[in-house]
Structures are given as C-alpha cells and as structure tokens.
Amino acid sequence: RRAETAILATFGQQPVPEVAMQISSDFDSGNIEVLDAGNPQRVLLAIRPDLNSHHFQWFHFKVEGLLPGQRYGFSLSNAGESAYNQAWSGYHTVASYDQRDWFRVPSRFEDGALQFELEPREAQVWFAYFEPYSRARHDGLIAQALERAGAELFACGQSVEGRAIQLLRVSRNQQAPRKLWIIAQQHPGEHMAEWFMEGLIERLQRDDAELDALLQQADLYLVPNMNPDGAFRGHLRTNATGKDLNRAWQSADARETPEVYFVQQQMRRVGVDLFLDIHGDEEIPQVFTVGCAGNPGYSPRLAALEAEFRRRLLASGAEYQTVRGYPLDAPGQANLTLACNAVGQEFDCLSFTLEMPFKDHDDRPVPQTGWNGARSKQLAEKVLGVVAGMVDQLR
C-alpha cells in the first residue's frame with residue numbers, strides 16, 4: 001500500500017532537494033492500491049474491494065513528502081466499476097492536513113475514473129471518501145457516554161474478528177415503559193452514521209429539560225458502530241466475512257453475522273417501541289428517511305406515526321427533506337432482510353432508516369465541506385428532539 005516517487009522541483013533559480021512522495025493506507029479505515037506513482041501530476045490508484053466481497057467505494061489514504069505549492073493529480077482508476085458508480089457525479093473528495101479539519105477538493109468523474117488535483121499547503125495530506133470516524137474516536141465516544149452521558153454498558157457483543165460491539169443503555173426511570181433503539185454504521189463505509197451517534201451522545205450530556213422528559217418515559221438503547229471490522233478494514237458495505245449486515249436480519253447467525261445476531265437477541269430480550277437505523281447514501285444529495293410501507297404488518301397507526309415523525313423533523317429546521325428518497329415498496333412487498341423492515345414487522349413499531357449524503361445537502365449546500373461530521377451531529381440533535389416530542393404516541 002505504499003509507493004514512492006522522486007520529484008525534483010525548482011522555484012525561481014533555487015533548486016529544491018529531491019523529495020520522496022509516499023502513499024499509504026495501512027491504518028484504521030485505510031483503503032487504496034497504488035498502480036503507478038511515477039507521474040506526480042497523474043498518480044494512478046485503485047480502490048480495494050471489501051474482503052470476501054465485490055463491493056467497493058470507500059477510500060482513505062495518506063500522501064507524504066509533498067512540496068507545498070506544487071500541483072499533484074490523483075486518479076482513482078476503477079471508480080467506474082464501483083458498487084455505486086453513478087454516485088461519482090457531483091461528488092467531491094474530502095481532504096485534511098491534520099485529520100481534524102476536512103475540506104472538499106473539486107473532483108470530476110471522467111473515463112471511468114475519479115480525478116482530482118491539489119496544490120498542498122503542507123507536506124502531508126489525507127484523502128477520503130468521507131470524513132472518517134476512527135476506532136480510537138469510537139473508544140473515546142464510548143468512554144464519554146459512560147462517564148458523562150449517564151449511559152451504562154448494557155451488553156457487549158463481538159464482531160467476526162473479535163472487536164467489541166457495545167450496546168449502551170441510557171435509563172433514568174426504572175419504570176419507563178418505552179424502549180427506543182438507535183443503531184449506526186451497519187455499512188462500514190458510512191462514517192457519517194457514527195458522527196450522528198456522537199451528536200446524540202453529546203446532547204445527552206447537557207442539562208436538557210426536553211431529554212429529561214423523554215427519559216422519564218423511555219430507555220434509550222444505542223449501538224454506535226454495528227460493523228467495527230468492516231470500518232477498520234476500509235470496507236464500504238460488508239463485515240469481515242463479506243456479509244452485508246443490512247441484508248442479514250432474517251438469517252443472522254453467530255458465525256457469519258454475529259453483529260446482527262447479538263443485537264437481535266438483545267432486542268428480543270427487552271422489546272422495541274421505536275427503531276432508527278442510521279446510514280449514508282452514495283447517490284442522493286439530501287437527507288431522507290425510509291419507512292416500512294411495504295411491510296405485511298403495516299397499519300394506519302404506523303402510517304400516521306411515520307407521517308408525524310417526518311412532519312416534526314421538517315418543522316424542527318433540520319437539514320431534511322421528503323421530496324427525494326427511495327421508491328416506496330408495494331404493500332406487502334418489503335424486503336424483510338433489511339433492519340428497518342425486519343424490526344418494524346417483528347415489533348409492530350415505528351421503524352425508520354435515516355439516510356445522510358456522502359456529497360452535500362443540495363437544499364442547503366456548503367461547498368467547502370459538503371455534508372460532514374458536524375452536520376451529521378447537528379441532525380442527531382434534531383432527531384432526538386423529534387423522538388422526545390413523540391414518545392407518548394408510540395404505543
């Protein structure tokens with residue numbers, strides 16, 4: 001995953017010493033293969049597929065040994081063969097000099113390749129498909145939830161490769177009748193999902209009358225990262241056995257999809273009155289929700305709850321819309337292998353998939369950052385407010 005190329009540049013009459021450009025991705029969520037780094041103006045790269053799967057789209061790599069002020073070009077040559085190759089239209093790469101502040105780099109999809117150029121300000125830069133959420137940050141988020149947000153570690157599962165899948169519970173009233181579940185990052189490349197969870201956990205740390213009222217009526221069950229193996233490996237879609245967790249909710253087992261199996265067992269232990277599954281969508285440049293209209297058990301009660309949730313989220317001022325999204329399933333024709341449909345059907349509850357963009361929210365564009373971690377966190381705060389306002393309607 002590392003390539004070096006010698007670059008000799010001259011500024012005016014002063015020669016600049018030879019610099020070795022290095023490209024690497026041997027780190028948490030890293031993903032890139034170097035095909036040809038001989039021409040720094042057109043470095044040829046390829047995205048590595050998920051382990052045991054043909055899916056690929058996520059990339060994340062570091063470039064070192066750069067000459068500030070010089071122009072470098074990069075071409076992800078197999079982008080046109082990726083899982084969602086139509087999604088590259090209108091997409092712009094994210095970059096950072098310090099892995100804290102991320103910005104968009106103008107990109108274009110031409111001849112089956114994603115191409116972008118940068119004149120760096122510093123000698124090193126990271127590029128990624130979206131602002132990454134690291135395992136180290138995840139560990140810090142769990143500690144923050146336990147120490148400052150009033151959460152407890154209710155149960156802990158294990159991924160295929162033995163990484164912890166923490167199920168947190170926030171409970172302030174032992175008699176609270178409702179059980180509200182929020183899970184994130186079933187698809188590991190959708191890092192905005194754990195940024196969302198960070199925003200939710202941060203709100204839980206505040207002196208907040210609205211949330212105090214919610215937690216008198218409901219316990220929150222939170223899984224900040226459902227797919228730690230895939231996220232660490234730089235996958236887009238699957239876990240370490242090549243399984244799409246969001247297609248495993250009718251067939252989960254402890255060997256190939258222990259992540260889903262664990263959460264299902266815990267849901268059946270305590271019950272579910274509301275379920276939110278947090279995702280990112282590669283193609284649609286808006287935030288939207290997907291309900292359970294195609295479920296065999298879909299009822300007027302659930303339809304009314306879905307409509308009320310959407311109405312309240314729109315009224316909250318959140319970056320959210322209801323015009324664009326996925327087509328509705330025909331009555332009785334829902335894919336019950338998806339978490340949203342499976343949980344909604346089994347527990348007869350309000351159940352949503354919430355999708356955020358990899359690009360920008362085109363209704364409120366911010367070209368410098370596009371959609372990012374901070375906006376994902378802000379959305380979480382709004383969603384939690386909607387849940388608080390609806391808790392007494394859920395049953």
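Helices (H or I, at least four residues) and strands (E, at least two) are DSSP runs, numbered from the N terminus. The model is predicted: local features need pLDDT of at least 70, side-chain atom pairs count only at pLDDT 80 or more, and totals for chains, interfaces and linings use all residues. Residues are numbered from 1 along each chain as its sequence is written, and side-chain values use heavy atoms, with hydrogens and water left out.

Start at helix α1, residues 135-148. Its 14 residues reach 19 Å from first C-alpha to last. That is close to the expected 20 Å, where the expected span is 1.5 Å times one less than the number of residues. Buried means under 20% relative accessible area, exposed over 50%, partly exposed in between (1.4 Å probe, protein chains only). In α1, the buried residues are Arg135, His138, Leu141, Ile142, Gln144 and Ala145. An α-helix has 3.6 residues a turn, so residues three or four places apart point the same way. After α1 comes Gly150, with a positive phi near 75 degrees.

Now the cysteines. The structure holds zero disulfides, a disulfide being a pair of cysteine sulfur atoms within 2.5 Å. Cys292 has its nearest cysteine sulfur, that of Cys340, 3.5 Å away. Cys292 is buried at 4% relative accessible area, and Cys340 is buried at 3%.

Finally, look at Leu67, in the loop between β5 (60-64) and β6 (72-76). Leu67 is buried, at 7% relative accessibility. Pro120 is 53 residues from Leu67 in sequence, yet their C-alphas are 7.3 Å apart.
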